[in-house]
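Here is a short briefing to read with the model open beside you.

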Amino acid sequence: MNERWRRVASPLLTLAVLLLIWEAIVRFYTVPSYVLPAPSLVLTTLVADAGLLWSSLLVTLSITFEAFVLAALGGVGLAVAFSLWRPIERSLYPFAVILQVTPIVAIAPLLLIYLPQPLAVLACAWIVAFFPVLANTTLGLSSVDHNLLALFDLYKASRWQVLWNLKLPSALPQMLAGLRIAGGLSLIGAVVAEIAAGSAGAGSGLAYRIAESGYRLNIPRMFAALLLLSAAGVAIFFALSALSHLALRRWHESAVRRER
Amino acid sequence: MNPPGTKIVSLRNVGKTFESGTVALDGLSLDVHAGEFVSLLGPSGCGKSTALRIIAGLSVPSAGAVEWPFGDSKIGFVFQEPTLMPWADVAANVRLPLKLAHGDEAQAQIAVRQVIARVGLAEFAQSYPRELSGGMKMRTSIARALVTEPQLLLMDEPFAALDEITRFKLNNDLLRLWQDLRRTVIFVTHSVFESVYLSQRIVVMTPRPGRVFAEIAIPAPCPRDERFRTSAEYAGYCRQVAEALSKAMAGGGT
């Protein structure tokens, strides 16, 4: 209990100290708010602009969520197709890698030309998020215990039985690890695409608010929006970690608490 | 079920050469009769596990043939490791072969419960593999092999990784199961003592490439128990088998 308390308390204490120093410096040197707003001002802006920021947050979150779901379906689906039909893996995997290593900031402007804006933003977020799901699930599907495979072979299991009863459950830990990464990346992809689209107008997500506030030198609002974005990222990470823990807690080493 | 004593499977000059060029088996011939307990004994790497996998149909011989005079038998296989699905509890692991065969659900339930009780794990049906000891995992593995009521049980050094106390206990339990169920068992081991304790017949194999070097009958009566393990009779058989094994290792011809 003491240990757990300390794990929560130490970073909070660090944060509090840093914020106090920040506040003190801004007040002492009377730094103008368009250079560096004090934490207290960021907080009051957050409250004052709550309506605006909240609706922007919802826009960004819904894009993130859609991209995440599509990345999960696409990544797992493609990994399953790869494991069932080797030729598909040989012909598609290199392109998945190319898509992954090309910086998304460079792809986004192109997508914005060819796709309507909401779709382009979604596509960007998806491109960034699907690869870790694909790569991790592929790894999981191909590292099944070979003796268990032999056992399924002995009992003349069909390909689908092997997939459903053996490969998918044994790939679950890696799949969940991939999803956890994809959650954060969906948010990053959505933000990058929104910023790229921002100059083209018509955006209303949090990233667009940050870009717009920047043009208007409304720095406190930039910080407030940034704060909301990191909070959203942290929430996504914890939600997916909790999901992973729930799914694995009965059997996987990573989720089992050992008494010492 | 075949009447005791009739041939259930024959290996005819079976050879196996792997893609790497390793010759695991060369001219292995062996008859196994219904109801008997046969051990394949040899040094590690002599191809005894390969022979077992060929009998199970998990590996294809590169020469010779496997003959089933009365048609294919149902086979149960026990690997060296327990080979359990970590995400499934004991009951679900044991039920797997029936599930893959799309059998009747209610009958499967009964069969699973019975076989789990038979290997002494009735209280652990809902436990997950990581909660079990090494011996209990192996019992689960044996229960899974038995749940389809196979006529032929193939065991690939199943107790090699267990401590001696657990191994002796499982040896006795296996002998009791074999006597109660009247199955045929082919048991691969590299332990002279274990093979003598369990078997009616021991097939001593040569180092790679594996062939039959000698067949030794162990006519000691069944049931056997811990007293047999310390008897002069047991020691005599062990000496006889150990001598054959060292001759086989030295590469001496028959």
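In chain B, strand β5 (residues 75-78) runs parallel to β6, and four bridges join them. Strands here are DSSP runs (E, at least two residues) and helices likewise (H or I, at least four), numbered from the N terminus; two strands pair if DSSP finds at least two bridges between them. This is a predicted model, in which local features need pLDDT of at least 70, side-chain atom pairs count only at pLDDT 80 or more, and totals for chains, interfaces and linings use all residues. Residues are numbered from 1 along each chain as its sequence is written, while chains are lettered from A and ligands numbered from 1 in the order in which they are written.

**Around β6(B)**
- Phe77(B) has Leu154(B) as its bridge partner in β6(B).
- β6(B) also pairs in the parallel sense with strand β7 (residues 184-189) of chain B, over five bridges, and Leu152(B) stands opposite Thr184(B) there.
- Together with helix α5 (residues 164-181), β6(B) and β7(B) make a right-handed β-α-β unit (with the strands pointing away from the viewer, the path from the first strand over the helix to the second runs clockwise).

**Burial**
- Five of the five residues of β6(B), 152-156, are buried (20 or more other C-beta atoms within 10 Å of a residue's own, C-beta atoms being placed from the backbone).
- Leu152(B), Leu154(B) and Asp156(B) point one way, Leu153(B) and Met155(B) the other.

**Contact between the chains**
- Chain B and chain A each bring 15 residues to the contact (C-beta atoms, placed from the backbone, within 7 Å).
- On the side of chain B, β5 and α2 (90-100) each supply at least two residues.
- That side divides into 12 nonpolar residues, one polar and two charged (Ala, Val, Leu, Ile, Met, Phe, Trp, Tyr, Cys and Pro count as nonpolar, Asp, Glu, Lys and Arg as charged, and the others, Gly among them, as polar).

Key. A residue is buried if 20 or more other C-beta atoms lie within 10 Å of its own, exposed if 12 or fewer, and partly exposed in between; C-beta atoms are placed from the backbone. Two residues are in contact if their C-beta atoms, placed from the backbone, lie within 7 Å.
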